[in-house]
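Here are a few notes to read alongside the model. Have a look at the whole thing first, then come back to the points below.

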Amino acid sequence: MNEFRVSSFMEMVYEDVVERAGEPLEEVDNWKEYQRRKKEQIRDVLKLSLLKERYDVPLVWQKTEEQTENEYGVRIEKYRVEALRNLTMAVHVLHQEREGGLVGKPAVMFLNGHDPRGAEGAYRPLSAGGPALGMELARLGYVVLVPELFAFGEAKRREAPDDLGACESCAETEPWLLNCGLNLAGLRVWEALKTLDFAQEALGLEHFGVYGISGGGHICNYAGVLDDRIEAMMVSGYPNLYKYSTMAMVHCICNYVPGQIELGESHHITALAAPEKKLLVMNGREDPIFPAEGSRIAFAYLEEVYRRLGAPDNCTAVLFEGGHEISVPEVCRWLEKNWPNGAGSF
């Protein structure tokens, strides 16, 4: 045995930091205050207050593209939205044509992960096997909001080649941000919340759900609990424990945020959605990077939090047959059963 290995220290620090973060199940009798305190800590770790204080700008938007997908009858619009000073964000909006426009209709914000196509991956299938989730949600009647998150798709550095991979783009941008006291997760959460601001002011939308896959699940985990406008939260290809996933193997650098585990384990963050928000957590049984063992622990824990807070029916956990992927049928079934669609439910 090599006595100079560092693993024992690292494991000790992890256990110490998680323990110091506190146990949510011990806070159910004081849940509102616990939520408030934890949300403030999340904003501090993600540097959201710093972004607002130093770089925020008035909300300005402009439609830049518009097309109709004839196969599905879904209109796809693209908007330029000012997210921060010197940071312009693309937001794709999918919807069916309807009388009375979009005002008051339910919307799902889709947060993609390291899809090589960026935001377009939300609604353009990789193969002819079936519709992508974003397109299927639009066909069900939801307005679908797809922001191009920082360093993904079109939102890379100006020096980056067009075919630069998503993880490589994160590797180019995250060290720069960290040296400046910021982080990718915080900027992406900011962009997600700014997307909701845009959807309210520009489109007249009021009811929001959020879906996130993989790296987008990381952002969904934070944005979903931080913003009270979000009524339904769907975290996919991500629900787990850091201990079994991002700390057990090498992941993209964007998964690592200074001080993140001082907030608690990953499922402790998700638990802050309870009890009012409808929650769907789902993973594939064969997902190699968010393993089923960790997902089962996270699922059981979240179900227990919702049960103790008196809302067991608001939490659904699904371990589907598949790998690190989107299960379109599972998401659509859950939404139709648990959160109203666009057919006049509101």
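**Notes on the fold and helix H10**

1. Of the 346 residues in the protein, 56% are buried (under 20% relative accessible area, with exposed meaning over 50% and partly exposed in between; 1.4 Å probe, protein chains only). Keep in mind that this is a predicted model, where local features need pLDDT of at least 70, side-chain atom pairs count only at pLDDT 80 or more, and totals for chains, interfaces and linings use all residues. Residues are numbered from 1 along each chain as its sequence is written, and side-chain values use heavy atoms, leaving out hydrogens and water.

2. You'll find ten helices and nine strands here; these are DSSP runs (helices H or I, at least four residues; strands E, at least two), numbered from the N terminus.

3. Now zoom in on helix H10, residues 328–338, where Val 328, Val 331, Cys 332, Trp 334, Leu 335 and Asn 338 are buried. Looking down the axis of H10, those buried residues fall within an arc of 165° (taken from the directions from the helix axis to the C-beta atoms), so they line one face of the helix. Arg 333 and Lys 337, on the other side of H10, are exposed.

4. What covers the buried residues of H10? The cover includes helix H4 (133–140) and strands E6 (207–213), E7 (230–236), E8 (278–284) and E9 (315–320).

5. Back to the whole protein: among contacts (heavy atoms within 4.5 Å) between residues at least 6 apart in sequence, 72% join residues at least 24 apart. Along the principal axes, the C-alpha atoms fill a box of roughly 65 × 50 × 40 Å.
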